[in-house]
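User: I am new to this structure and would like to learn how to read it. Please take me through it one feature at a time.

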Amino acid sequence: MSVEGSVVIYDNISDGRGKVLLEGFPDVGLVGSIAVSFLIEKLKLREVGYVDSDLLPPVVAIHNTRVRDLIRIYEGDRIVAMFSEIPIPMPLIRPLSREIVTWAEKHEIGRVVCLTGLAEPRRLDIETPKVFVIASNERFTEYLASSTGAETLKDGYIAGINAELLKVGARRGSDVGVILAQSHFNYPDPGAAAQLIKHLPKIIGEEVDITPLLESAEAIRMQMRDLMRRTAESMGAVQKSKELELPPVYL
Amino acid sequence: MMARRRSPWDWLREIEREIEEEAERLIRQVKEIEVKTGCITPLYDVVETDGEFIVSVDLPGSDKSEINLEVKEDRIILEAPCKRPSPTSRHGNRYLLQLKLPEEIEPEETKARYQNGVLEIKLTKKSARRGVRINIQ
């Protein structure tokens, strides 16, 4: 168990050493949520813990008659995954980010990689979304770029919990990275999630066939409609539209 | 008893709470409409430019030929069957969206395309009618 502020991470993780933590919280196009939930199922990851906080709404999920926590942790041979059924509430973003990095360090999980979407207003005209990487330090950015073959995000903004995780990583000298695929802003985008997964083999240590994800894209889009609606509502609070802007020059 | 002075953080928390309540109200409204109509309210987005409204609607599981789009001067009404029943099975398998536009448009000039399950509708504002070109002296 690990505690920071009002956030508690309960876990029964067997061995985190050298593994990569994949975070896929609800965000642009639900790309991270779709990608991480697909990987949890395909790689048969075991549920090993959950996050609790008094800043979370008093809600539980029921799956097949089982009561489940909203933010859950899964473990496999090479990866640990964190998945949330709700968008992370604004007041929880900072304490949760700090706690995730602390928790990863405690378990000697070497790298934290956030999977997410990069809003692309012309997504409708893009067949194959581009994938970008950015990390808390140059070395890890280079590692992610070379491991994924993705472009480095040179200028721009990241908003929300991924931004906070990057910031915490940069300040503590931890390896935290974000991998982003161009996606719809407020429609679930399984195509973007599939494209993102295609770039992950060297990070997660194995190839994952994305065909089932693409085949069930329509069903996923329908199933995740409510989560997308709720996430879109919450994205305003973290100035998500800032990701569409370019930073000022000369600074 | 002296009243406690409100700090800026109190104001921020109050604003946050109001935003959350408004979001919750909107989501509840959508779910109530879905229950009452037995139809699915699709995700949609409206972008306004100088001369147009660009409405995009996420319609996974629909067929282009079965989308019924009716455009009036001040609103659009969209109905479409969706082939895949909703996995939650709580609502019907039909999309319904009635959208009131903030400004009147020219229905005849509407253009629409359906790609990868997303319908994009371009609506020309009445106010965007071209004026007369004036030569500057």
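User: Which side chain meets that of Glu75(A) in a salt bridge?

Analyst: Side chains of opposite charge can pair when their charged atoms come close. A salt bridge here is a side-chain nitrogen of Lys or Arg within 4 Å of a carboxyl oxygen of Asp or Glu. Glu75(A) pairs in this way with Lys19(A), at 2.8 Å from N to O. The two lie in distant parts of the chain, 56 residues apart: Glu75(A) is in strand S7 (residues 71–75) of chain A, and Lys19(A) is in the loop between strand S2 (7–11) and strand S3 (20–24) of chain A. Helices (H or I, at least four residues) and strands (E, at least two) are DSSP runs, numbered from the N terminus.

User: How should I take the numbering and the values?

Analyst: This is a predicted model, in which local features need pLDDT of at least 70 and side-chain atom pairs count only at pLDDT 80 or more, while totals for chains, interfaces and linings use all residues. Residues are numbered from 1 along each chain as its sequence is written, chains are lettered from A and ligands numbered from 1 in the order in which they are written, and side-chain values use heavy atoms, leaving out hydrogens and water.

User: Is Glu75(A) buried or exposed?

Analyst: Buried means under 20% relative accessible area, exposed over 50%, and partly exposed in between (1.4 Å probe, protein chains only). Glu75(A) counts as buried because its relative accessibility is 1%. Lys19(A) is buried too, with a relative accessible area of 8%. For another case, take the salt bridge of Asp74(B) with Arg75(B), whose closest N and O atoms are 3.5 Å apart. Asp74(B) counts as partly exposed at 23% relative accessibility, and Arg75(B) counts as partly exposed at 28%.

User: How many residues of each chain are in contact?

Analyst: Contact means heavy atoms within 4.5 Å. By that rule, 20 residues of chain A touch 33 residues of chain B. Buried area is the accessible area (1.4 Å probe) that two parts lose on being put together, summed over both. For chain A and chain B this is about 2,400 Å², 55% of it on carbon and sulfur atoms. Leu124(A), Tyr187(A) and Met222(A) supply 31% of the area that chain A buries against chain B, more than any other three residues.

User: How many salt bridges are there between chain A and chain B?

Analyst: The count is five. One salt bridge joins Asp125(A) to Arg113(B), with the closest N and O atoms 2.8 Å apart. Another brings together the side chains of Asp58(B) and Arg221(A), at 2.5 Å from N to O. That pair crosses between chains, from strand S2 (residues 52–58) of chain B to helix H8 of chain A. Both Asp58(B) and Arg221(A) are buried.

User: What can I read from helix H1 of chain B?

Analyst: The expected span of a helix is 1.5 Å times one less than its number of residues. H1(B) covers residues 8–37, 30 residues in total, and reaches 44 Å from its first C-alpha to its last, close to the 44 Å expected. Its buried residues are Asp10(B), Ala23(B), Ile27(B), Val30(B) and Glu34(B). What covers them includes H9 of chain A. Just after H1(B), Gly38(B) takes a positive phi of about 70°.
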